[in-house]
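Welcome, and please open the model in your viewer. We will go from one selection to the next and look at what is there.

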Amino acid sequence: MLQALRARQPDRIAVLEETPCKTVSQQENTLILSISHGAERTGVHPGMTVSQALARCPNLQVRYRDGQAEQAVQSLLLKAAESWTPDYESTRPGICVLDLSHTRWLSQEIHLHAWQDRGLQMRQDMQTQGYDLRVGFAENADLAILAAHVADPVRVLRAGVAEEKHVLHDLPLTILNPSPPVLEVLSLWGIRTLGQLVALPRADLASRLGAEGLRLRDMAQGGKERLLSLVRSQEQFREVVELESPIESLEPLMHLLERLLQRLSAQLAASWHVAGSLNLTLRFADRSSHERDLGVAEPTREVPVLMRLLRTYLEGLTAAAPIIGVSLELTPVRAASSQPTLFERGLSDPNRFAETLSALEVLLGRGRVGRAELLPSRRPDAYHVAGFLESFTASALASTSDADQFIGLPLQRFRPPRPALVTLHQQRPVELRLDGTVLSVRESRGPWLLSGNWWDLRQVWQHEIWEVEDMQGVLYRLIQENNRWFVEGLYG
């Protein structure tokens, strides 16, 4: 907080909340969040009110924290940490823990002076940004944080050396970041330093302060081994090009896209990812634009495969104006490492299959290539066309599971239903004329009435369904729609 305000440590400064107080009495009762070393030596510590602090240090300067400046300083710290190692943790504001166990220089420089030189180099990197840095090295994260607090400016603490850990006993209790209620209880007990906290009996501390008390005592003793909550930045795999000369044909555009894909593929390989989909945006000279998401059947970062996918789509695209801008973005996903089972049959080349589907869609029109997926409707054969590479929706899976529960004769449907002439006697079918053949009805069952979409006059439908058997024992399904008869199929 102090460095975000560009305050010097020797000054006697206290930092309050970001929102200024309206009255003097409100400010006097405000708790102090952070103090400089000069104010700390006068007996002021975080958690005090302003009036308590002024009683101990009359010339104390009170300032309000700047949240935006603190975020900017933390971002600089994390950016510097990323240049030192890819494995680092943003522990809390002003503190960053680095895992250097996998760095190359650690295996070579094992002497104490090498650690000192590395810490001074880290400090110098932050000083060029105008901020001071203290560096502590240790075998676990919590001990390294304590080492940084006693660093001047670099300190190395070894867990097995008791003399080195003894220097931590004079550190103030506030560096452990205890909760305000626990800090208040410890202050009433007269506990101000880590050494005083460690001297308390462990069992009595647990019975009075619970799990947080034990955690603070373990941290005061140097902490335990724990996993770091590593920071993983969201890297964007995106290339944008503004063209000086407009593109009017396909081949120059494909050459440009190939160069963009090569750079993006190299970035994917460096981060151990593959492309799950592509987003292509084209800007035209008439100020219009075209954007399309292209799915990759089998995620890959192979440039020829992605180029074929783009070419297949662009060959069916017609532009009314030259292209003046291109944007290409890849969605990164983890490469699949699972092995198919023995009896599992899959596509030998899913991406080639996807290219074929794209070519067919260009010829037949969008939405006309795919598989039939049942709709959640009571209307027989209500379906829509879904992509072959899309997963089944929940409604389709539910309708499939419901269909598996029916037991009876299978129905061989005629698509489309065949028109027929039906003779009725007492409102029941007695004779059927189908494809020039006259069939006498021996038995009939029905009718069953189905209807739907009554709320939409353009899509309303009504069916009257009959099941009839001719003299040879053949079962037919008849439907009557708009006073017209159709044979929908045969049973059996």
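Buried means under 20% relative accessible area, exposed over 50%, and partly exposed in between, with a 1.4 Å probe and protein chains only. This is a predicted model, where local features need pLDDT of at least 70 and side-chain atom pairs count only at pLDDT 80 or more, while totals for chains, interfaces and linings use all residues. Residues are numbered from 1 along each chain as its sequence is written, and side-chain values use heavy atoms, leaving out hydrogens and water.

Start by selecting cysteine 96: with a relative accessible area of 17%, this residue is buried. Then select cysteine 57, which is buried too, at 1% relative accessibility. How many disulfides does a search of the whole structure find? The search finds zero, a disulfide being a pair of cysteine sulfur atoms within 2.5 Å.

Strands here are DSSP runs of E with at least two residues, and helices are runs of H or I with at least four, numbered from the N terminus. Six strands close into a barrel in the order 14-15-16-17-18-19, with antiparallel pairing; two strands pair if DSSP finds at least two bridges between them.

Zoom in on residues 461-470, strand 17, and residues 475-481, strand 18: they pair in the antiparallel sense over six bridges. Here valine 468 stands opposite tyrosine 476 of strand 18.

Finally, select leucine 364 in helix 14, residues 350-364. Leucine 364 is partly exposed, at 47% relative accessibility.
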